[in-house]
2 protein chains.
Amino acid sequence: MQIIADEYQTAFKLVASQYGYAHIETPAVEYLDTLASKGDIDKEIYAIHRAQGEGDSVEADRGLHFDLTVPFARYVAQHQNDLYFPFRRYQIQKVWRGERPQKGRFREFYQADIDVVAPEQLPPYYDAEVATVMAAVLETWQLGSMTMHISNRKFLDGLLQSFGIPMETAVLQAIDKLDKIGVEAVTTILSDELGYERSAVTDCLALISRSVGRKELSDFWAELPSENETLEAGRAELESLFNALPEDTSEGVQFVLDPRIARGLDYYTGTVYETTIDGLERYGSICSGGRYTDLVSRFSNKKLPGVGLSIGLTRLLAIAEAEDLVQPTRHSLSDVVVCLLNEEQEKASLQTAQRLREAGYRTETNHRAKVGLGKQISTAEAKGIPWALVVESDDTYTLYNIGGDKASCTSFTEVLMALEK
Amino acid sequence: MQIIADEYQTAFKLVASQYGYAHIETPAVEYLDTLASKGDIDKEIYAIHRAQGEGDSVEADRGLHFDLTVPFARYVAQHQNDLYFPFRRYQIQKVWRGERPQKGRFREFYQADIDVVAPEQLPPYYDAEVATVMAAVLETWQLGSMTMHISNRKFLDGLLQSFGIPMETAVLQAIDKLDKIGVEAVTTILSDELGYERSAVTDCLALISRSVGRKELSDFWAELPSENETLEAGRAELESLFNALPEDTSEGVQFVLDPRIARGLDYYTGTVYETTIDGLERYGSICSGGRYTDLVSRFSNKKLPGVGLSIGLTRLLAIAEAEDLVQPTRHSLSDVVVCLLNEEQEKASLQTAQRLREAGYRTETNHRAKVGLGKQISTAEAKGIPWALVVESDDTYTLYNIGGDKASCTSFTEVLMALEK
């Protein structure tokens, strides 16, 4: 899995930089004051201390970051005079959370984030851009078709308001259960338990529980209650977002309006995103985020709104492995192993290996002639190395295509030609 | 510096994989039992705990790794039945040490390590290979010429024995001061303070304090005291190591025998290495390591000898920056910025940006038409982006070579042709 994880990180970095996102890294250790938000997450923060208790008091107030958004906000506030805005950044680092260990949950895991921030006002285009970039990343990873569910806090707020329902914790918690318990059970909670009028609840949920594809958007807009400013503001933001998104591709990420997406009581103030793998919705979202107004201002008196998305990379790879979405990788990335025929050939074998490296082949060498050629070649096969080369004598080589033919070569050029085939 | 750090990591990974080294990553958090060695380093280990004190007891016995060698040894012991030996691995991760903060010392920093281990017996060739790979890495980074100082614990032990001096802590500490206080002062310590015969100390230090280039090796061997088995074993290992090293290159890393290198009272049992930047020796070693017999066996009842080298990457970059060995980098890696002339051109600008990406150009886009073109182009210049493209209307473009000419293009193909120049 290490090879796959490396490839995923490389692809993520490549795509993000294609769109002008700059790479930053922040320390894993931050002040606890920076990390703590007086929310549920605080319970999961790991603080650090000297194991032998000899640390100075400086360290007692520090801990490991639990996501990359809070450290990014602190970074932007701190470096705002040195940055060019809108500032696009990607970040891919480990984070730590004291969650109870369970299948698919990790206490130490990689997150891969992109965000854009700008002072005062960030154009609505960026809500589409971050979705576009993350969709391009996910498509590059080829884990099958996915759906990015998009909504907007203002839109949901306005929609609820139009039916006389406030956007409160209990209401959001009920709506969050739509997928699990269904419209009828949520209707019961909102009307019988929370006391909202049943017919309003029914009409409201009929809109909220819909998944609206891009082509059905204009029809959906026509069904909305009119004369609610918050709703209209959210609707307009969603419309401009969907207009700026790239066309859906058949094997890629499909964009869908899902008004019920709320991302709990997070810091999001506008667009919110969740992404599921088609057919594997039970794993929940693998790429989430949203637009925030006030995150950076926790660390600065300037207003620096932003929008971003985050992928839980370690968890996604665990899903991919469990669901056979990725092929098992080989033990070695080497292209060629230079076997050792006998001790006299060690120097010539080393020189040949170096020439292969210079020709662009990742080449490893063997150094125990006691291990017979047959064993050396079967080990290469087990490690997944495609070629084994034996330097028989000066300018006489035998090249084994593992699991295939062997070729005798009377010059290094012939070896290179045989490798190229 | 982030861009440089990324390039260094990429180059390290590339070179290591060219030699067949496999990438592994280990968790940052290990059992304290695994980390603790009853040595000085134990004081620097950070343990973790839940900030709010609600953690289960499972976590009380864990801490952050302080190097990559100990976690690697634990990893090899744990996975020995799944690995192919000799197992070559590289690892590049952050480590944490509770050192008192001072210039050039960090509490959170990157290390880049390579090691090879094998059961029972690891051929002496690998001592040369790890030095070769790290020299190739250091040459790729182009930080100027360097010297890798190589010695051998058996060689130093035998040399001391031959003059009736035991290899004890106090003796090694004195020898370690040779560079700082000179031969005479060390002679005084060994003879007057520690009581060894002055003439023996003088003769011994005359050999130990030498730096022996590769061409002077055979002459140096002839000067050694005879009939000490430990000395001869160390000498033979050094000779075979130097024979297997690549030729020194003028702009690269020079290999020198320096008998005084001892690496303190570390776990090393044979070859030891330290590397200094020529002219910047005062910073100490930037790439160190050695051969160990008993490290993996701390976690396993099997004997798994190994040899490895480690670079303190964060510290090396801090030196490179302080000494102007690296050029300052630009704010953005983007090749092109697509400027926004007016809101009507936003869709065409986005499409053009996408075509540029597909043609291989890292392309960012602007989205505030209110910001005039002059300002957009001067920002591109400040960010270090070489090209700015304005989509004037369908199939009419102006391409600015920042700090140079501008070109009018009447098709996207003309834009690509102008960019290629």
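**Two copies, one surface**

The copies meet through the same surface, because 100% of the interface residues of chain A are also interface residues in chain B. Contact here means heavy atoms within 4.5 Å.

Visitor: What kind of model is this?

Guide: This is a predicted model: local features need pLDDT of at least 70, side-chain atom pairs count only at pLDDT 80 or more, and totals for chains, interfaces and linings use all residues. Residues are numbered from 1 along each chain as its sequence is written, chains are lettered from A and ligands numbered from 1 in the order in which they are written, and side-chain values use heavy atoms, with hydrogens and water left out.

Visitor: How many residues does the contact take from chain A and chain B?

Guide: Chain A gives 65 residues and chain B gives 65 residues. About 5500 Å² is buried between them, and carbon and sulfur atoms give 48% of that area. Buried area is the accessible area (1.4 Å probe) that two parts lose on being put together, summed over both.

Visitor: Which salt bridges cross the interface?

Guide: A salt bridge is a side-chain nitrogen of Lys or Arg within 4 Å of a carboxyl oxygen of Asp or Glu. The rule finds three across the interface of chain A and chain B. One of them pairs A:Lys94 with B:Glu25, whose closest N and O atoms are 3.4 Å apart.

Visitor: What rotation superposes chain A on chain B?

Guide: Two copies of a chain are related by a rotation about an axis and a shift along it. Here the rotation is 180°, the shift is 0.0 Å, and the RMSD is 0.1 Å. The two copies are therefore related as by a two-fold rotation axis. In chain A, the C-alpha of A:Ile48 comes closest to the axis, at 2.3 Å.

Visitor: In what order do the five strands of the open sheet in chain B run?

Guide: Strands of a sheet pair through backbone hydrogen bonds, either parallel or antiparallel. The order is β13-β12-β14-β15-β16, with mixed pairing. Strands are DSSP runs (E, at least two residues), numbered from the N terminus; two pair if DSSP finds at least two bridges between them. Strand β12 (residues 336–339) of chain B runs parallel to β13(B), joined by three bridges. B:Val337 has B:Glu364 of β13(B) as its bridge partner.

Visitor: Where is the cis peptide bond in chain A?

Guide: From A:Phe85 to A:Pro86, with omega near -5°. In chain B, a cis bond joins B:Phe85 and B:Pro86, with omega about -5°.

Methods:
Helices (H or I, at least four residues) and strands (E, at least two) are DSSP runs, numbered from the N terminus. Copies are superposed by least squares on the C-alpha atoms of residues with pLDDT of at least 70 in both.
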